[in-house]
Amino acid sequence: MHVVFRTDASELLGLGHAMRCFALAQALMRSGATATFLVRHMPSSVKQRLQAAGISVIAMDTAQAEEGADPRLGVSAARDAADSRRALAALGTVHWLVVDHYALDAGWESSLRGQVQRIAVIDDLDDRPHDCDLLVDQNPGVSESPRYQLHAPPGALRLLGPRYALLRQEFAAARELPLTVRRKVRRVLVAFGGADPTGGSAFVLAALAPLVFEGLSLDVVLGATAQGSDLARSVAELPNAHLHLDVADMTQLYRSADLAIGAAGTSAWERCALGLPTVLLSLTEKQSQGAEALAALGGSVHLGRATAESIVALTGLVRALAHSPDWLSVLSRQAAEVCDGQGAARVAARMESFDMQLRVATLEDADDLLSWRNHEVNRRHAVDARPITKARHMEWMRQSLEDADRVLLIAEDEIGPVGVLRYDIAFGIATVSIYLAPGRHGQGRGGVLLLAGEEWIMAHRPEVQAIDARILVDNTASMNVFLESGYLPDSHHLSKALNRPEKVK
């Protein structure tokens, strides 16, 4: 699968769009996809990072100014569409075009329809119409609101909420480590994005300077262009303050911090994934709306708009948190519940399985299910590896279809049958069983099928709070599929076979 991303990174747009596209590209590439970024503005450091990950970057010309140019593009949307069409024409088959850009809307997207199979949009504004097959908005609260009902086509698949927050692989990997629940404030991380165009870092330095002289440590993260700036000199003048420029991997800074101060945006989900409490500051009206929604989920405190008065309020709030270990630990636990770091994998799986349909099995499927279950590959790791007789299978099939607490789903795509999912539901837990149709092994469909089933369960069985799985200890392939799909191993699950004495005849 070839996926092309149309996005930009600049002081005006920030780096968040490019970074969340990078996260999705990583997830898709793990399943064998190739990724190309189509850009007009991108710092060389970001471009080099993408290329080091195996992503092609095509830079379009920005030199020619024209009437009607959008400052976020450097050209008009019509010119950008024409240049994008030329670039796509040279790439061959493009299965997905992913658009993440505030300057592009349905008109631009429609004009690209003829050169790509499908279009996905990543957006968090809901301020313009889109022509897309898939829309991702990771903002909190949108899954319960009528958001995008007017601005996305009726048939578009909508993936809404922090569950789909697009974080890079290093955050998903770091989340698998034990979470640190914060109880003290000794080290504060200040990060308002690589560009920090609204000056949030300088505002925070003014507020926290008294605490730094009292022993508080600061880590201030800025983009490479801050080298030699007034802000960089201000950091250097403070004791226990450290400037970090153009940081490629933020996970270590997040894990070593006790508290973060920043804005709502892509970095907010990164902090949540690692259980880092945050004080949110808003420097624009758009940021205020997002920060309020994020704070409502827990894990962060929204101080409001940055004003002269809020400098004093920020100093007092950090002092209060430093003397309130219980409050800080609650924020830390709540933050970790907001985002689990698996959003990119979920979105990638939905893109990979876009042609996959799940349907409830019927008695007419009995013969197919029997032949699939008895296939040698599926029997190899079954709890009972013996072939199942037709009579026994038919009785099981009838009972399963009549059981309200058992869900039996068949997955199909454009090629044909993919596999079977069975969920046995009790006390809010769904225990899953999965096997693939013959000929579909080794295609990477197991994880896609698990995530598609997860979406089905969430949509149709609201009483289910968790999904459980039982895997034989030597079935490492299945174990890896479940782990990659976000399942966590339970070290307390043990079993023992009873060695009963033979009966005397």
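**Ground rules.** I am working with a predicted model, where local features need pLDDT of at least 70, side-chain atom pairs count only at pLDDT 80 or more, and totals for chains, interfaces and linings use all residues. Residues are numbered from 1 along each chain as its sequence is written, and side-chain values use heavy atoms, with hydrogens and water left out. My helices (H or I, at least four residues) and strands (E, at least two) are DSSP runs, numbered from the N terminus.

**Parallel sheet.** I looked up the strand order and found β10-β9-β8-β11-β12-β13, an open sheet of six strands with parallel pairing; strands pair if DSSP finds at least two bridges between them. β10 (241-245) and β13 (300-305) are at the edges with a single partner strand each, so one side of each has no neighbour in the sheet. On average, neighbouring strands here are turned by 20° against each other, direction ignored. I then checked β8 (residues 187-191) and β11 (residues 259-262): they run parallel and are joined by four bridges. Ala191 sits opposite Gly262 in β11.

**Helix pair.** I noted that α11 lies across β11, β12 (278-282) and β13, at about 165° to β13. Angles run from 0 to 180 degrees between N-to-C directions, and axes are lines fitted to C-alpha atoms, for helices over the stretch in contact. α11 (residues 308-322) also packs with α6 (residues 200-212), at about 50° and with the axes 9 Å apart. That makes α6 oblique to α11 (under 35 degrees is roughly parallel, over 145 roughly antiparallel, 65 to 115 roughly perpendicular, the rest oblique). Which residues of α6 make the contact? I listed Phe203, Val204, Ala206, Ala207, Leu208 and Leu211, facing Ser310, Ile311, Leu314, Thr315, Val318 and Arg319 of α11, with contact meaning heavy atoms within 4.5 Å.

**Mixed sheet.** I read the other order as β14-β15-β16-β17-β18, an open sheet of five strands with mixed pairing. The edge strands, β14 (357-360) and β18 (466-469), each pair on one side only. Helix α17 (residues 445-460) packs on this sheet and touches β14, β15, β16, β17 (429-436) and β18, its direction making about 45° with that of β16. β15 and β16 (residues 417-426) pair in the antiparallel sense over seven bridges, and Ala411 stands opposite Gly419 in β16.

**Loop residue.** Finally I found Asp403 in the loop between α16 (390-402) and β15 (406-412). Asp403 and Asp424 are 21 residues apart in sequence and 9.3 Å apart in space, C-alpha to C-alpha.
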